[in-house]
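Student: Could you walk me through this structure, step by step?

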Amino acid sequence: MQRSFTIAEIARALDARSEGDASIEILRAAEPAAAGRGALALAMDPKYAADMAQGTEAAILWDGADWHAMGLRAAIFVPRPRYAMSGLTRLMDPGPAIAPGIHPMAIVDPTAEIGEGAAIGPFVTIGPGAVIGPRARIASHTSVAEGAVIGADLLLMQGVRIGARVRIGDRFIAQPGAAIGGDGFSFVTPEKSGVEEIRATLGARAAAQAQSWTRIHSLGSVRIGDDVEVGANATIDRGTIRDTEVGSGTKIDSLVQIGHNTRIGENCLLCGLVGVAGSARIGNRVVLGGQVGVSDNIFIGDDVIAGGATKIFTNAPAGRVLLGSPAVKMETQIEINKAVRRLPRLFSQVAELQKAVFKRGDAD
Amino acid sequence: MQRSFTIAEIARALDARSEGDASIEILRAAEPAAAGRGALALAMDPKYAADMAQGTEAAILWDGADWHAMGLRAAIFVPRPRYAMSGLTRLMDPGPAIAPGIHPMAIVDPTAEIGEGAAIGPFVTIGPGAVIGPRARIASHTSVAEGAVIGADLLLMQGVRIGARVRIGDRFIAQPGAAIGGDGFSFVTPEKSGVEEIRATLGARAAAQAQSWTRIHSLGSVRIGDDVEVGANATIDRGTIRDTEVGSGTKIDSLVQIGHNTRIGENCLLCGLVGVAGSARIGNRVVLGGQVGVSDNIFIGDDVIAGGATKIFTNAPAGRVLLGSPAVKMETQIEINKAVRRLPRLFSQVAELQKAVFKRGDAD
Amino acid sequence: MQRSFTIAEIARALDARSEGDASIEILRAAEPAAAGRGALALAMDPKYAADMAQGTEAAILWDGADWHAMGLRAAIFVPRPRYAMSGLTRLMDPGPAIAPGIHPMAIVDPTAEIGEGAAIGPFVTIGPGAVIGPRARIASHTSVAEGAVIGADLLLMQGVRIGARVRIGDRFIAQPGAAIGGDGFSFVTPEKSGVEEIRATLGARAAAQAQSWTRIHSLGSVRIGDDVEVGANATIDRGTIRDTEVGSGTKIDSLVQIGHNTRIGENCLLCGLVGVAGSARIGNRVVLGGQVGVSDNIFIGDDVIAGGATKIFTNAPAGRVLLGSPAVKMETQIEINKAVRRLPRLFSQVAELQKAVFKRGDAD
């Protein structure tokens, strides 16, 4: 049942050069130490080649590698190994097992439109007026609510939630449990709240008032471009009046939270557990490492890169590389980290100076 | 199919004053630049009014605005614009499309009680002995486990999980994937663990022992007051012996984690990705910004506000405004941030002093 | 319907000594103040004993407690109270109500193998070739995808997602919404990306290039040992070539994200909202507090303990106790925290010294 691939077929898929016996059948890719007969060893760097498992017959190698000396019968050579991984894994990924057609236990509203070639699993619901493009693959337990419009080549894994009137482009992929289009977290008090007050005063406040929160409903939805991916159990909230927006080519990892009204540009990467608060604007090609936080209503320029756990409280200009909490330039944060570690010593140096200059110790 | 609203109707819903032609039909609310014919422009501040889209006939304006000069045919005036958003969006929100009655593909245990006027979608399960108040709206794929008791006007979006014996008041709203009543994360080792040891010694420890963790089951459940909302994929764990508690009026954002035995007061706001560890107690009207962390077993007083990414390790008195990790008063953290940025300069100043006083440089 | 337990039965389950009337029937465990008739008061420390509710007849007490003086009719004595909680709660936990057998509304592929004694709820899917051991309890709305293999005594709560070819040992427990086996977050650009560049230069970069991200598919899966638990809405991503691994005895809390290719050892505890980035390796008996972050490709040694919100950017040796961001030894971080709070004073001390030495003030 498992598909196999010849070396020739793999080389062609990678647009790469092969040497040796191009007819060898490959059943799986493997790290060199876990390769062996039937496997294609991924030995794209000399440091991995030493560990090659007994019986390995074929490998992807770095340019110039001596495959004969490694005892191989065939090799594929790639100029940028990391990029080759993309073509190789795309070729060999069997994809999820979703039977063609609409499962009898799926509930598709009669007013919904499903493009040709769909595979829709059991316990799926597609709401009134929803429109789904051709070749959709929708795994079990997924819901697409009323009026949602999604493009071609959709892949929704198990239990994905697509909310009402969400619009998504082509080639969208969502991992299990991703929730697109929950209501925004937006509440208001009858009188000015403590939060509004301290934002104006940077921390000072009059006596706190007992007030309760009234809901601001989300009339907007979520609009997502082409080639977007969303990770497992990630959440993207709908906008209040206009839509929350995610640009084409942007990839969102598991457990990321995107607040209401946020606008995210194209080709961004948002890693696991990133939180983007309401109405933030994020440019194109922005990379946010794991657990990064972005405050509400701020602007992150194009090509900003923020290291893991960076907390961005204020606007960041295009191209800035950020680190730390609060976020500063990465090089500044590295300086700060060094300085902070040297602090205890600085304290004793100052105490020593005080003693010498004032003939007294630190009065601590 | 889309409902429309007259200016008169909207003004009445907002308890606001209108001027001009109160019979104009409004189909949607819009930001001024995206308004136009059929839209109600939200121009509650002069800075937005300049951008008004061609053809806009009606707007919500700040008190004293000259609507004639803006070329409008009608206007509604509100004293606190942010609060008016609440009434306006409530009026115009069509709500989720859940057909009245119990869907034939829902499984409601014969011993469960469902109040009158329920709308329960497909692939919903309601367990033995569960009790749900009148006018419940329960979207597809949701589960309400055995013995759960929920009040009137419930709204559960797709895929919400309500655990066994969870008790919830009236007007509860949960966004897709929220999980109320997972087991608490509570484990114990036969002998004292490394964690117990370093809590006593602040970091020092004897040789680590190889032990494995034994589960403490959660006999308690979760008890939630009235008017509570829980965001997409947020989680609230059940208590060990007593219930985990969330007070009336408290709003919990997406991807928030509330640990076992926690007691959260009334009218709190917990923003996205907040984590509250086990047995923490949080007072009333507390606001925790995005990604805030609260340690286990600590107490946060009434009206505390913690800025985004604040990590609270120790008790916080009522009314305190917190920032930073570890959390300190917001004004202190602002001072600390300034000082830290000036540190590299301080180091050179001290080096210069050492040179002058001791006739030598920093021995670094 | 509620089961009761005699004092004798409870003492036997805890392997503990009882005194007084061992035939008293216990319906529930309770904190002392909430105990009363029918309850077993958990008064394992003298400080709780004072609050004992009227009518309480039985309690678990610390060694040497005078139960007669407390007006009790029976008592159980335990040497390590926290550990006794494990046995007591295991005994009294009724467990989830999942009817024996396979619910008619579950869809089990004919090629799947289900062990004897299974209880599988409604709206469950078990995919082609999946193998599930004996005595499995699988709550509603859960999916087990093609080729997944799971051991004995499985408990999956509502809406859990087990991905294709995931392999799990015995006694696995997953709370609602946990997603095991989503695709890894792995993308590559045709040319070197800004992220690759700044990793080499620590922040410096040439002009940013406009590139888009190409997907690296996940050919690996997830392999999990025995006695592992995963919390509500937590996510564990599949590996790229090899499997992501979680060792036996490891417990993972709600909303934790485990990246692709990660290897986690045995008997670890990962608390709520922890994020472990791709290809990190974590040893045995490691404890990560809430919201801890672990960078990709680093190594955390055995017995490391990291306090809440610690951000680990570099390798950590075995036994290290960590705190802070970036993580340092806990004792160092406590020193740093003290020093940072004293910084404003240090600045004025240096200014004073400058005045004295150079006859001028701080030139700020």
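**A covered strand and its partners**

Tutor: Strand β7 (residues 74-77) of chain C is covered on both faces: C:Ala74 and C:Ile76 on one side, C:Ala75 and C:Phe77 on the other, are all buried. Buried means under 20% relative accessible area, with over 50% exposed and partly exposed in between (1.4 Å probe, protein chains only); strands are DSSP runs of E of at least two residues, numbered from the N terminus. This is a predicted model, where local features need pLDDT of at least 70, side-chain atom pairs count only at pLDDT 80 or more, and totals for chains, interfaces and linings use all residues. Residues are numbered from 1 along each chain as its sequence is written, chains are lettered from A and ligands numbered from 1 in the order written, and side-chain values use heavy atoms, leaving out hydrogens and water.

Student: Which residue stands opposite C:Phe77 in the antiparallel pairing?
Tutor: Strands pair if DSSP finds at least two bridges between them. Strand β2 (residues 17-20) of chain C pairs with β7(C) in the antiparallel sense over four bridges. Opposite C:Phe77 stands C:Arg17.

Student: Is A:His260 buried or exposed?
Tutor: UniProt lists A:His260 under "active site" in an unreviewed entry, and such annotations may be inferred rather than shown by experiment. A:His260 is in the loop between β29 (257-258) and β30 (263-264) of chain A. At 13% relative accessibility, A:His260 counts as buried.
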